[in-house]
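Dear colleague,

I am passing on a structure for you to look through, and below it you will find my notes on what was found. Please read them with the model open beside you.

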Amino acid sequence: MKKYVEFTVTLLVLIASIACLGYVVVKAAKNGGDFFGSNAKSIVESQTKKKTSTSKDGKTVKSADSGSDDGTSGTILIGDSRFVGMNEAASVEDKENHIWMVAKVGQGLPWFKSTALKSVDKIKSRNTAITSWKYVICLGVNDLSDIDGYIEEYESLIEDDSSVKLTMVSVNPVQNRPDITNKDVQKFNDKLIDACDENDWKYIDTYDELIKKGYKTTDGLHYDDDTYKLIWRLIKKEM
């Protein structure tokens, strides 16, 4: 009797094994030799979909967890002695994070055209991995009467290279200067604002912020370190 029971159990196990094997063969045949079939495919697809998402307009865009293409954009700040002072006070230039400074004391439009843009081109030629550039410009306090020349040069600059984005920083206020008045500064800024509106350039109004928050100068034209740091915070916030 015992042997009969053992024989029966063995026979049942064998039948079950054959049935399972048959199921595997049939399943694999239906899935083109892949037992896991659509389940495995759906796993791969779900992992791929984590890297992309679809916007409302139907375009495929990168999602937050897919990473960003870092290192393809750079910023060059261009200015006169006020940018020189700001850089010294706030350590603005940060080449590791693709921020450069091109600035020189006592300069204006002629320097911008003849020298500054050449320095900018050298920076760009040394950093060919960067494909998008932003110029943050704060010039004019040394030649407030030449706003039309500035605007013409900026427009020409964009025509020559449409990949460049311009950000204009207002000429900032002076204090008790016999040669420059804040009224003159405001006239320059007003025309610069109009040009920004017409050409879709970004405008950072540090002038009004300094008037509201207060500022200190060392000679009526240049600022103390705290004011320079404030100016940089305002620019960086808008950048």
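In this predicted model, the axes of helix α5 (residues 147–160) and helix α6 (residues 182–199) come within 10 Å and cross at roughly 25°, where axes are lines fitted to C-alpha atoms over the stretch in contact and angles run from 0 to 180 degrees between N-to-C directions. Helices here are DSSP runs of H or I with at least four residues, numbered from the N terminus. Because angles under 35 degrees count as roughly parallel, α5 and α6 are roughly parallel to each other. On the α5 side the contact (heavy atoms within 4.5 Å) is made by I147, D148, Y150, I151, Y154 and E155, and on the α6 side by F188, K191, L192, A195 and N199.

Y223 is buried, with a relative accessible area of 3%, where buried means under 20% with a 1.4 Å probe and protein chains only. The side chain of Y223 reaches the backbone oxygen of P173 at 2.6 Å, and the residues that Y223 touches, not counting those up to four places away in sequence, include R82, N172, L210 and Y228.

As for how the model was handled, residues are numbered from 1 along each chain as its sequence is written, and side-chain values use heavy atoms, with hydrogens and water left out.

Best wishes

Technical notes: This is a predicted model: local features need pLDDT of at least 70, side-chain atom pairs count only at pLDDT 80 or more; totals for chains, interfaces and linings use all residues. Buried means under 20% relative accessible area, exposed over 50%, partly exposed in between (1.4 Å probe, protein chains only). A polar contact is a pair of N or O atoms within 3.5 Å; within protein, one must be able to donate a hydrogen and the other to accept it, and residues adjacent in sequence count only if both atoms are side-chain atoms. Helices (H or I, at least four residues) and strands (E, at least two) are DSSP runs, numbered from the N terminus. Angles under 35 degrees count as roughly parallel, over 145 as roughly antiparallel, 65 to 115 as roughly perpendicular and the rest as oblique.
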